[in-house]
Amino acid sequence: MVTIELSSLAKTHPRGVVGLHPLDLRIPSGELLVVLGPSGSGKSTLLRLIAGLDAATSGGITFDGRDMANVSPRDRDLAMVFQNPVLYPHLSVFENLAFPARARRWKQERIAGRVHEIARALEIEPLLDREPAALSGGERQRVSLGRAVVREPRIILLDEPFSSLDPPLRVALRERLLDLRWGLGATMVLVTHDQEEALSMANQIAVLDRGRLLQLGKPREIYNRPADRFTASFVGSPAMNLIPCQIAAEGEGFAVRLSSFDPHACWPILREWLPRCDPPTGAFELGLRPESIRLRDPREGGPRFHGVVNRVEYKGADLVAHLVHDKQVITARLDAGTSIRPGEAVEMTFDLDQVVWFDNDGRSC
Ligand code: ADP
Ligand code: MG
């Protein structure tokens, strides 16, 4: 196991394309860090720097405190898995899996034992005699995953390893990887554009956008307390609602107003729920997860606003209603049994402690 430390690590590609702005990141030993970002955000750039496949423009990388600047990829004791598995086409699955161990001159019995152990865990034991051409995409990716873990490297880097697979296969392989992980203790970095994959697999998530690290945190922190509106809308499906509003001093306290014409869409707010900025007044965006919104009981106090149901999507476990309020579409995740129809006028509410505020720069406050 190894702790990876990146300090002011940056990469500018040829022709001045910035792959990564200076970035500091510590990946503790044995952790699974998921780097989450849209296409072109610098995920592969970051992984290739850690692997030593590309040289950084500035900054440094250490493994357990040891500078990696002049250490070749082969000598970094790491394995990499790519989106499109790279297998030796003329070698059997067994030999593909055995390859990294043979390269390290393991004894035959040790190789055979380990290959069978990994193949069993990945449910590819019946395929050991086949060549890669006779495998499905999912099977090839399993072999590729197996080859990465066979010799128990200290670090495993995975670049969108599941994204070319069908959803059920993707989920199955994720589970296999998590199962394998316990026996390995390797430090892992997985990059993906799939927010659900990040939330369900990571110990920590690093959110990247346009080569910048926007937030580093546990999945729950990223989901509940996104640091900025990009992360807020990128993580979570359906996305967080971002509703423009005004906060003004009113009498002794403060009030929030969602829209100028709806007198009901205005309510007092306690100091403790206000944005943490000075002054806490002016224009903000009110961020609300769909599951934080519910239909209001007429006897209920607290915030309330009107909407007209635009669309209802029944999901089985719950339903997603799209409501129009002041030209804005608001998404609410409601109980599956809720009776609600398009065209219906409804009144909604939510708890103010579930709000995330965003200032004019899109930073949470
Ligand atoms: P991701 O893996 O998140 O999709 P990449 O790390 O591949 O993103 O790319 C980040 C940025 O760097 C993109 O703008 C991409 O076009 C650019 N880039 C990546 N590799 C190269 C390269 N070898 N030469 C020039 N630009 C590159
Ligand atoms: Mg990539």
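Which polar backbone atom is 3.1 Å from an oxygen atom of ligand 1? Select Gly42: the backbone atom belongs to that residue. A polar contact here is a pair of N or O atoms within 3.5 Å; within protein, one must be able to donate a hydrogen and the other to accept it, and residues adjacent in sequence count only if both atoms are side-chain atoms.

Before you go on, know that this is a predicted model, where local features need pLDDT of at least 70, side-chain atom pairs count only at pLDDT 80 or more, and totals for chains, interfaces and linings use all residues. Residues are numbered from 1 along each chain as its sequence is written, chains are lettered from A and ligands numbered from 1 in the order in which they are written, and side-chain values use heavy atoms, with hydrogens and water left out.

**Stop one: the ligand**

Stay with ligand 1 and show the side chain of Lys43, which has an N or O atom 2.9 Å from an oxygen atom of the ligand. Next pick His13: an N or O atom of its side chain is 3.4 Å from a nitrogen atom of ligand 1. On its own, ligand 1 has 560 Å² of accessible area, and the protein covers 62% of that (Shrake-Rupley method, 1.4 Å probe; for residues, only the protein chains shown count as cover). Now show the residues around the ligand (a heavy atom within 4 Å), including Pro14, Val17, Pro38, Ser41 and Thr45.

**Stop two: helix α1**

Which helix gives the most to that shell? Select residues 43–51: this is α1, which supplies three residues. Helices here are DSSP runs of H or I with at least four residues, strands are runs of E with at least two, and both are numbered from the N terminus. Because seven of its nine residues are buried, α1 is largely enclosed by the rest of the structure. Buried means under 20% relative accessible area, exposed over 50%, and partly exposed in between (1.4 Å probe, protein chains only). Color the buried ones, among them Leu46, Leu47 and Ile50. Then click Gly52, which follows α1 and has a positive phi near 85°.

**Stop three: a buried threonine**

Jump to Thr187, in strand β8 (residues 187–192). Is it buried or exposed? Thr187 counts as buried because its relative accessibility is 0%. A polar atom of its side chain lies 3.0 Å from the backbone nitrogen of Gly30. Leaving out residues up to four places away in sequence, Thr187 touches (heavy atoms within 4.5 Å) a list of residues that includes Met1, Ile27, Pro28 and Ile155.

Most residues other than glycine have a negative phi, and most peptide bonds are trans. Where are the exceptions? Pro238 is in the loop between α8 and β11. Another cis bond joins Asp278 and Pro279, and Pro279 sits in the loop between β13 and β14.

For positive phi, pick Glu123, with a value near 55°, in the loop between α3 and α4. Glu123 counts as exposed because its relative accessibility is 52%. Finish at Lys327, where phi is about 70°, in the loop between β17 and β18. Lys327 is exposed too, with a relative accessible area of 82%.

**Zoom out**

Show everything: the protein has eight helices and 20 strands, and 49% of its 365 residues count as buried.
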